[in-house]
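Please open the model in your viewer and keep the sequence panel at hand.

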Amino acid sequence: MKHKRETFKVAVAETSLILRSGVVSAIRRAADCEVLFLEISTPQEFDSKISAYAPDIVIVNPLFNGRFVVSEIRDNKSLGLSDTKFIALLSTLPTPSLTDGFDEVINLYDSSDQIHAVLDRAMGYDEPDISSEEEQLSKREKEIICEVVKGYTNKEIADHLNLSVFTVLTHRRNIARKLQIHSSTALAIYAIANKLVSISDVK
Amino acid sequence: MKYTERHRLGDIICDHYQLLLVMSRFGMHLGFGDKCVKDVCDERGVDCKTFLAVINYVSNGDTSDAKEVSVTEMSSFLRLSHGYYLDFLFPRLRSKLVEAVSGADEKMSQLVIDFFDSYMAGVSKHLTYEDNVVFPYVEKLACGKSVDDSFRIVSYSRKHEQIDSMLLELKSIIIKYFPDNGKTNEMNAVLYEIFSCEADLKSHCDIEDNLFMPAVMELEKSLKKTKEA
């Protein structure tokens with residue numbers, strides 16, 4: 001996960017003053033870092049100000065200036081926007097032809113949380129670290145741990161839980177990998193500490 | 001910096017305190033004054049080249065003198081290291097651990113001690129195997145005795161990784177799961193010792209893999225050649 005930066009520069013290109021101000025205020029509310037804004041109301045303003053401002057993110061109505069084609073803007077080297085992220089501002093359901101080339105889409109009816117997620121992705125942050133999430137034990141794995149620390153054999157565990165011995169072994173391997181615990185003594189300590197079993201259950 | 005026989009041993013030890021353990025395992029004691037490496041080695045009857053190869057490896061990872069090591073000096077050094085673990089360090093760690101877990105739930109404390117004991121048993125088994133099988137084999141080789149073909153140093157199974165992973169597990173269960181029993185200082189002290197024991201064992205295994213084994217393999221090769229000639 002990238003380290004969060006302090007400030008971001010966002011350009012908002014939208015002809016309507018009310019929509020533009022609304023976007024700025026919604027993003028201020030949703031972002032958890034400082035955001036600087038450049039508000040652009042006309043295509044002429046876009047052409048004259050955008051490269052000097054060098055925004056990290058451009059939020060633009062796809063119908064701005066008739067049709068805003070992201071690939072053309074990106075490829076135009078004189079603008080220097082090849083690394084900039086483009087977010088389409090939509091008041092309707094997204095249609096592929098309209099949002100073609102955009103990195104993200106914000107809809108007028110999005111919640112603050114949705115906008116926040118869009119900004120995080122556009123700023124290059126991953127989703128909240130899910131690798132630790134993946135290493136969480138499943139309900140079945142927890143059941144197996146309980147059986148193991150109570151001293152049952154793999155065969156007995158398989159019978160109790162209506163599984164094959166092979167499946168039990170697979171679960172045990174996954175448990176060992178997830179917890180980095182390979183001995184049943186250590187597993188018992190884990191199980192007690194995490195209240196999967198009571199101390200008196202441990203054999 | 002690469003140390004030579006003319007460096008003062010006292011300065012070297014002050015630069016790299018982990019060499020204290022190396023020194024004592026070569027049978028050297030403190031109190032050598034301002035003597036250089038060569039003089040201390042001569043006094044204690046230690047092969048100076050082997051000693052230098054080990055301290056340069058431990059302090060800088062330098063293996064350039066691996067060819068200079070005497071396998072008999074190395075195996076006596078490794079034997080003394082094993083004695084240090086089995087007779088001194090592990091029993092001491094164990095009694096400190098017993099003290100640090102006391103006062104917690106009895107079963108919980110017992111589980112931690114059980115885990116430590118099974119770790120200790122695993123390491124002892126590995127070290128005793130080296131003492132009883134590997135070193136005698138190497139000592140025979142060094143006397144130029146032809147050895148039967150059933151054993152080769154490469155075939156001696158390395159269980160070093162297993163030793164490492166069990167210690168890691170011990171640390172991690174204590175750190176993550178052991179409940180507070182009002183003995184934070186005692187437990188911290190044990191953990192510090194476990195961390196330093198881990199580093200020392202790692203260095204010990206590295207010496208075996210990167211200095212000792214290559215030297216023994218070299219010896220095997222040259223003996224095979226004389227046998228064929």
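Begin with the largest nonpolar core of this predicted model. Select A:I145, B:F90 and B:I174: of the 53 residues in this core, these touch the most other members. Next, colour the helices that each supply at least two residues to the core: α7 (139-149), α8 (154-161), α9 (165-179) and α10 of chain A, together with α5 (71-101), α6 (106-142), α7 (160-177) and α8 (184-228) of chain B. The greatest contribution comes from α6(B), which gives 10 residues.

Return to A:I145 and display its surroundings. Setting aside residues up to four places away in sequence, A:I145 touches A:L137, A:I175, A:L179, A:L187, A:Y190, A:A191 and A:L196. Apart from this core lies another, of 39 residues, which includes B:L19, B:M23, B:C41 and B:Y57. In soluble globular proteins, nonpolar side chains tend to be buried together.

**Helix α10 of chain A**

Select residues 184-193 of chain A, helix α10. Why is this helix described as largely enclosed by the rest of the structure? The reason is that 8 of its 10 residues are buried. The buried residues are A:T185, A:A186, A:L187, A:A188, A:I189, A:Y190, A:A191 and A:I192. After α10(A) comes A:K195, with a positive phi near 55°.

**The sheet of chain A**

Now show the strands of chain A. Five of them form an open sheet in the order β2-β1-β3-β4-β5, with parallel pairing. At its edges are β2 (34-40) and β5 (104-107), each of which pairs on one side only. From one strand to the next, the twist averages 25°.

Zoom in on β1 (residues 7-13) and β3 (residues 57-60) of chain A, which run parallel and are joined by 4 bridges. Here A:A13 stands opposite A:V60 of β3(A).

**Chain B as a whole**

Finally, select chain B. Which secondary structure elements does chain B contain? It has 8 helices and 0 strands. Of its 229 residues, 45% count as buried. The accessible surface of chain B comes to about 11600 Å², with 53% belonging to carbon and sulfur atoms. Among contacts in chain B between residues at least 6 apart in sequence, 72% link residues at least 24 apart.

Methods
Residues numbered from 1 in each chain as written. Chains lettered and ligands numbered in written order. Predicted model: local features only at pLDDT ≥ 70, side-chain atom pairs only at ≥ 80, totals over all residues. Heavy atoms only, no water. Buried < 20%, exposed > 50% of the residue type's maximum accessible area, 1.4 Å probe, protein only. Contact = heavy atoms within 4.5 Å. Areas by Shrake-Rupley, 256 points an atom, 1.4 Å probe, with all protein chains shown as cover. Pairing = 2+ DSSP bridges. Axes fitted to C-alpha atoms, helices over the stretch in contact; angles between N-to-C directions. Core = buried A, V, L, I, M, F, W, Y, C linked by side-chain atoms within 4.5 Å.
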